[in-house]
Amino acid sequence: MSPPAAFWLLLLFAVRSCKGLYPGSEEGWQVYSTASDPDGRCVCTVVAPARNLCKRDPRSRQLRILTEQNVSQSMEVVDLRTSRDLQYVRDSEPLLRGVDGRLHTHVANPYSLTTRGLQELKGQMSQLRPLLSVVEQYRLDLQTLAALRLELLNLSVVLTAIQEEIGAYDYEELQRRVLLLETRLHGCMNKLGCGRLTAVSTPITVRASGSRFGSWMTDAMIPSSDSRVWSMDGYYKGRRVLEYRTMGDFTKGQNFVQHQLPHPWAGTGHVVYNGSLYYNKHQSNILVQYHFRSRSVMLQRSLSGAGYNNTFPYSWGGSSDIDLMADEMGLWAVYTSIPNAGNIMVSRLDSRSLEVLRSWDTGFPKRSAGEAFMICGTLYVTNSHLAGAKVHFAYHTNSSTYEYTDIPFHNQYSHISMMDYNPRERALYTWNNGHQVLYNVTLFHVIRSDG
C-alpha cells in the first residue's frame with residue numbers, strides 16, 4: 001500500500017526546505033537524495049534527527065541559553081562577592097566619615113588646611129579609591145540581576161505558549177508520534193532502491209590536513225551507529241592508518257588511534273568495508289584485507305593480470321593502478337591490464353575471499369580518467385582530476401552498456417587524488433590537494449512497489 005498523499009507532501013516539503021546535507025548532522029532533517037514516484041511527485045531520502053525531539057523549535061534555544069547560564073552558580077558568585085565587598089565597605093566607613101569631616105572643616109575654614117594636612121587627606125583618599133571598583137561591580141551585578149529577571153519572564157511566556165500548543169498531549173504521546181513518523185520515513189527510504197546519478201552537490205570542506213595526496217573514508221557497510229573515520233596520507237609505501245572515533249573528532253584532529261599495516265600500500269584506492277581495510281599492496285597487484293579489530297591481515301590475493309606500479313594509473317598518476325571501492329552491490333576493483341589494452345576493467349569481488357565474481361571491459365582508457373567511483377553497480381568516470389572536472393562517462397554493469405554524461409561538480413582545490421562513494425551515507429569522499437571534501441549526490445530512483 002502506498003503512503004497517503006499527506007506523507008508525500010511532507011517529503012516534498014522536506015525536499016524544498018532542507019538544505020543541510022552534511023553526514024552526522026544532529027539538527028534538522030537530513031536529505032541525502034531526491035527522487036520521483038510513478039506519478040511524478042517529488043520524494044526524498046530523509047533521516048530524522050536522532051536526538052532531542054524538540055531541538056528544531058527555535059524557542060528551545062532560549063531554554064538552552066537559560067540552562068547553560070547555570071543560574072544557581074551565578075547567584076552564589078554574586079552572593080559571595082556581595083558579602084565580601086559589603087565587609088570592605090563596613091571597614092572603610094570610619095575612614096570615609098573621617099575624610100568627610102575634614103573636608104567639611106576645610107570648606108568652612110580654607111586657611112586651616114596645612115601642607116601636612118593636605119598630604120594626609122590625599123593619603124586617606126588613596127585608601128578609599130578601591131571603593132570605586134566596588135561600587136562599579138555593584139552596578140554590574142544589578143544589571144545582571146535585571147537581565148536574569150527579564151529572562152525568567154521570557155521563560156514564563158515561552159512555557160505558557162508551549163503548554164497551549166501541546167494542549168492535552170503529554171511528552172510520551174509526542175515521542176510516540178515522532179517515532180512513528182521516523183518509522184514511516186525509514187520505510188520510504190527502504191522503498192528507494194538504486195538510482196542513476198543526476199547531480200553532485202557543492203563541495204563541503206571537512207578538514208585541511210596531510211599532503212597533496214591521500215584518502216579518507218568511513219565504513220561503507222557497517223551500521224550508521226558506528227561513525228569512525230579513517231585517514232591514510234600519501235600514495236607511496238605508506239603504512240600508517242589513523243582511526244578517528246567520529247567525524248567531529250576527525251575535523252578537530254583528536255581522539256584517534258593508529259594502525260601500522262604489516263604491508264605498505266600503493267595508490268589511494270583503498271576502501272573500508274564491514275570492519276576491514278582493503279588495499280593494494282605496494283609494487284604488486286596483490287589485494288590485502290586488514291581487519292581493524294584484530295589488527296591483523298585476514299587475506300591476500302593477487303588480482304590476476306592487473307597492472308601495477310604506475311603501469312595503468314589514472315591521469316594524475318600516484319600508483320593509482322588498482323582502485324578498490326564499494327557501493328550498494330558490494331565490493332569492486334577498478335583496474336586494467338595489457339590484454340585489455342589499458343581500458344578500464346570493473347570486477348565484482350567476493351569480500352570474504354577476494355575472488356573475482358565477474359568482470360566487465362568498459363572500453364574507456366584508464367589513463368584518460370581523472371578518478372572513478374561506483375554507485376548502484378554503475379561506474380562513473382570523471383574527465384579530469386584538475387579544475388573544470390565533471391562526470392562524463394558511465395558504465396552500467398547490470399546491462400553491460402555505457403553512456404556519456406555531463407554532470408559538473410566544483411573541483412574547489414584543483415587536484416583530486418581520491419574520489420569514492422559511500423552507499424551508507426550517499427556521499428562522495430574526496431581528497432583534494434590536502435583537503436578532505438564531501439559531495440552529496442542526487443539520484444534518480446524508481447520506487448519499488450509493494451503491489
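User: What counts as a cavity here?
Analyst: A cavity is a set of grid points where a 1.4 Å probe fits but cannot get out. This is a predicted model.

User: How many cavities of 30 Å³ or more come out?
Analyst: The count comes to 3. The largest cavity has a volume of about 80 Å³.

User: Which residues lie nearest the centre of the largest cavity?
Analyst: Met 217, Thr 218, Val 271, Asp 420 and Tyr 421 do, out of 13 lining residues. Strand 5, strand 9 and strand 21 (416-422) each give two or more residues to that lining.

User: Which strand gives the most?
Analyst: Strand 21 does, with 4 residues.

User: How does the lining divide into nonpolar, polar and charged?
Analyst: There are 9 nonpolar residues, 3 polar and 1 charged.

User: Back to strand 5. Which way do its residues point?
Analyst: In strand 5 (residues 214-217), Gly 214 and Trp 216 point one way, while Ser 215 and Met 217 point the other way. All of them are buried.

User: What does strand 5 pair with?
Analyst: Strand 5 pairs with strand 6 (residues 229-233), in the antiparallel sense, over 4 bridges. Within that pairing, Ser 215 stands opposite Met 232.

User: How many bridges join strand 9 to strand 10?
Analyst: 3 bridges join them. Val 271, one of the residues nearest the centre of the largest cavity, has Tyr 278 in strand 10 as its bridge partner.

User: New topic. How many salt bridges does the structure hold?
Analyst: It holds 7. Among them, Arg 228 forms one with Asp 226, the closest N and O atoms being 3.0 Å apart. Arg 228 also meets Glu 243 in a salt bridge, at 3.5 Å from N to O.

User: Why does the pair of Arg 228 and Glu 243 tie separate parts together?
Analyst: Because Arg 228 lies in the loop between strand 5 and strand 6 and Glu 243 lies in strand 7 (residues 236-244), the pair ties together parts that are 15 residues apart in sequence. Asp 226, Arg 228 and Glu 243 are linked in a network of salt bridges.

User: Is Glu 243 buried or exposed?
Analyst: Glu 243 is buried, because its relative accessible area is 12% and buried means under 20%. Arg 228, at 21%, is partly exposed, and so is Asp 226, at 22%.

Definitions and conventions
Residues are numbered from 1 along each chain as its sequence is written. This is a predicted model: local features need pLDDT of at least 70, side-chain atom pairs count only at pLDDT 80 or more; totals for chains, interfaces and linings use all residues. Side-chain values use heavy atoms; hydrogens and water are left out. Buried means under 20% relative accessible area, exposed over 50%, partly exposed in between (1.4 Å probe, protein chains only). Two strands pair if DSSP finds at least two bridges between them. On a 1 Å grid over the protein atoms alone, a cavity is a set of points where a 1.4 Å probe fits but cannot get out, and a pocket is an open set with protein on both sides within 12 Å along at least five of seven lines; lining residues have an atom within 4 Å of a point. Grid points are joined across faces, edges and corners, and a volume is the space filled by probe spheres set on the points. Ala, Val, Leu, Ile, Met, Phe, Trp, Tyr, Cys and Pro count as nonpolar, Asp, Glu, Lys and Arg as charged, and the others, Gly among them, as polar. A salt bridge is a side-chain nitrogen of Lys or Arg within 4 Å of a carboxyl oxygen of Asp or Glu.
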